[in-house]
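This briefing covers ring geometry, helix packing and selected residues, grouped by topic.

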Amino acid sequence: MTRPGQGPPGPKPSGRKYSGMAPEQRVRQRRAAILDSALEQFATYGYAAASIKQICRGAGVTERYFYESFPNREVCLAALYDTLAEGMRAATAAALAGSGPDLDTLTMAGLTAFIRYLTDDPRRARVVLVEVVGVSPDMEQRRHRVLREFVDTVMLTWAAEDTGPLTRGERLTATALVGGVNHLLVDWLMDGRRDDPADLVTVCVNLFAAARTHWETTVAAPPHPTSTISR
């Protein structure tokens with residue numbers, strides 16, 4: 001029985017289905033729709049300008065359902081970024097797993113998958129490369145973590161062909177290469193996407209190959225004699 005001043009009792013956690021779906025399925029469905037809409041709104045209008053109301057309108061839900069999944073707009077952006085980062089990781093890992101064993105083939109496959117994941121849907125590139133930048137210290141940590149994960153992937157790929165442990169210098173080189181790929185894609189996006197993504201892949205593959213050639217030459221070269229600098 002309802003007491004005065006109280007509303008009707010809330011739904012019991014009985015797993016009752018609505019439209020053939022359990023409540024938790026409906027929550028997941030609404031969350032996915034909100035993230036799909038957030039991708040469109042953030043990529044089209046920018047994170048700073050896109051409102052929760054716009055996101056909800058695009059998802060076909062009311063704002064109460066937004067707050068069912070996300071406490072605020074930044075947490076929604078973070079969840080979207082995590083989803084896109086996982087997509088990049090999965091695409092790259094699948095390409096590497098399905099590629100030939102030699103380093104050149106692996107490099108081509110991994111870079112093609114990574115670049116295509118972002119360029120096939122420029123909204124992804126906009127969110128991953130532009131809209132998350134400088135939002136907050138937490139988002140910067142997220143970005144840094146993702147970039148370091150791709151550096152780790154490069155190092156693991158290189159290590160498969162090396163007989164000895166990789167050096168700190170090689171890790172710094174891998175970090176510079178990953179950052180270079182990232183900025184090349186930023187430039188492609190901000191310059192109106194004029195270049196063919198295949199050309200971006202070619203440039204990146206050449207950079208990776210040049211870096212490895214440098215390290216292989218350095219290892220093979222005899223040590224330089226110690227020179228004396230006269231004062």
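At 1% relative accessibility, F70 is classed as buried, where buried means under 20% relative accessible area, exposed over 50% and partly exposed in between (1.4 Å probe, protein chains only). This is a predicted model, in which local features need pLDDT of at least 70, side-chain atom pairs count only at pLDDT 80 or more, and totals for chains, interfaces and linings use all residues. Residues are numbered from 1 along each chain as its sequence is written, and side-chain values use heavy atoms, with hydrogens and water left out.

**Aromatic pairs**

- The structure holds four aromatic pairs; rings of Phe, Tyr and Trp (its six-membered ring) pair if their centres lie within 6.5 Å, and planes under 30 degrees apart count as stacked, over 60 as edge-to-face and the rest as tilted.
- F66 and Y67 form an edge-to-face pair, because their ring centres are 5.4 Å apart and their planes stand at 80°.
- F66 also pairs with F70 in a tilted arrangement, at 5.6 Å centre to centre and 50° between the planes.
- F66, Y67 and F70 form one aromatic cluster.

**Charges over rings**

- R124 lies over the face of Y117, at 4.2 Å from the ring centre; the criterion is that NZ of Lys or CZ of Arg is within 6 Å of the ring centre and within 35 degrees of the ring normal.
- R212 lies over the face of W158, at 4.5 Å from the ring centre.

**Helices and their packing**

- The chain has nine helices and zero strands; helices (H or I, at least four residues) and strands (E, at least two) are DSSP runs, numbered from the N terminus.
- Helix α5 (residues 103-119) and helix α6 (residues 122-131) have axes that come within 5 Å and cross at roughly 100°; axes are lines fitted to C-alpha atoms, for helices over the stretch in contact, and angles run from 0 to 180 degrees between N-to-C directions.
- By class, the contact of α5 with α6 has six nonpolar, one polar and one charged residues; Ala, Val, Leu, Ile, Met, Phe, Trp, Tyr, Cys and Pro count as nonpolar, Asp, Glu, Lys and Arg as charged, and the others, Gly among them, as polar.

**Individual residues**

- T44 lies in helix α1 (residues 23-45) and is partly exposed, with a relative accessible area of 43%.
- T44 and R126 are 82 residues apart in sequence and 8.7 Å apart in space, C-alpha to C-alpha.
- L172 is placed in helix α8 and is partly exposed at 48% relative accessible area.
- L172 and V151 are 21 residues apart in sequence, with a C-alpha to C-alpha distance of 9.0 Å.
- R193 lies in the loop between α8 (168-190) and α9 (197-220), has a phi near 55°, a positive value in a residue other than glycine, and counts as partly exposed at 45% relative accessibility.

**Chain totals**

- Buried residues make up 36% of the 231 residues in the chain.
- Among contacts between residues at least 6 apart in sequence, 64% join residues at least 24 apart.

Conventions: Contact means heavy atoms within 4.5 Å.
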